[in-house]
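Please view the sequence and the model first, then read on.

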Amino acid sequence: MNAWSTIDTRIGPFTAVVADDGAVLASGWTGDVDDLLPLIHPSLRPADARAVPDLGPVGKAVLAYHEGDLGVIDAVPVRQRSGPFLEHAWDVLRTVPAGGPVTYTEYATLSGRPAAIRAAASACARNAAALFVPCHRVLRLDGSLGGFRWGLPVKRALIAHEAG
């Protein structure tokens, strides 16, 4: 059964949509599941997601991350669909360590396409599984934050949280 839930965190409400096998389909700092459902690829979008009070391991990981266990999100399965480059780029993004943000240029290089800086930025912008695919760890060349679907105050808080 596909499910979703909203968890109160220090940064704000965090909602996740989870497939019946426990993989995160979409997530972000919002209290409204309707902000997330359109982000899910049509081939994965659940027709019957229902609200539940507890998302089990996903909910525990969200709480543990916000309480300081930064690595706990790495083991949470994620499922996103797109073209080969974006899917690869999202996998690469999961390897960027907490507290070690990279620039969009570095991210493009890590993704195997050093000249594809705009494509790397697009991978961040199209990422539906925020936190679990940590697009907040990518910064502009000058170290400034750049954009973030859930707002720059959230991105700033995440970077500070991970810096210790």
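Trp-29 is buried, with a relative accessible area of 8%; buried stands for under 20% relative accessible area, exposed for over 50%, and partly exposed for values in between, with a 1.4 Å probe and protein chains only. The model is predicted: local features need pLDDT of at least 70, side-chain atom pairs count only at pLDDT 80 or more, and totals for chains, interfaces and linings use all residues. Residues are numbered from 1 along each chain as its sequence is written, and side-chain values use heavy atoms, with hydrogens and water left out.

Trp-29 belongs to one aromatic cluster together with Phe-14, Phe-132 and Phe-148. Rings of Phe, Tyr and Trp (its six-membered ring) pair if their centres lie within 6.5 Å; planes under 30 degrees apart are stacked, over 60 edge-to-face, and the rest tilted. The count of aromatic pairs by this rule is three. In one of them, the ring centres of Phe-14 and Trp-29 are 4.9 Å apart and the planes stand at 70 degrees, so the pair is edge-to-face. Phe-14 lies in strand 2 (residues 13-18) and Trp-29 in the loop between strand 3 (24-28) and strand 4 (50-51), so this pair ties together parts that are 15 residues apart in sequence. Helices (H or I, at least four residues) and strands (E, at least two) are DSSP runs, numbered from the N terminus.

Phe-14 is buried, with a relative accessible area of 0%. The rings of Phe-14 and Phe-132 also pair: their centres are 6.2 Å apart and their planes at 70 degrees, so this pair too is edge-to-face. Phe-132 lies in the loop between helix 4 (117-125) and strand 6 (138-139), so its pairing with Phe-14 in strand 2 ties together parts that are 118 residues apart in sequence. Phe-132 is buried, as is Phe-14.

## Leu-131

The loop between helix 4 and strand 6 also holds Leu-131. Phi of Leu-131 is near 80 degrees, a positive value in a residue other than glycine. Most residues other than glycine have a negative phi. Leu-131 counts as buried, at 0% relative accessibility.

The buried residues of helix 2 are Phe-85, Leu-86, Ala-89, Trp-90, Val-92 and Leu-93. Seen down the helix axis, they fall within an arc of 160 degrees, so they line one face of helix 2; the arc is that of the directions from the helix axis to the C-beta atoms. The face turned away from the buried side of helix 2 carries the exposed residues Pro-84 and Asp-91.

In helix 4, the buried residues are Ala-120, Ala-123 and Cys-124. Down the axis of helix 4 these fall within an arc of 100 degrees, so they line one face of the helix. The cover over the buried residues of helix 4 includes helix 2 (84-93), helix 3 (104-110) and strand 6, where contact means heavy atoms within 4.5 Å.

## The two domains

The protein is divided into domain 1 (3-67) and domain 2 (84-163), with bounds from an automatic or database domain assignment. Their C-alpha centres lie 20 Å apart. The contact takes 16 residues from domain 1 and 14 residues from domain 2.

Domain 1 and domain 2 bury about 1,300 Å² between them, 75% of it on carbon and sulfur atoms; buried area is the accessible area (1.4 Å probe) that two parts lose on being put together, summed over both. Trp-29, Leu-39 and Tyr-65 supply 50% of the area that domain 1 buries against domain 2, more than any other three residues.
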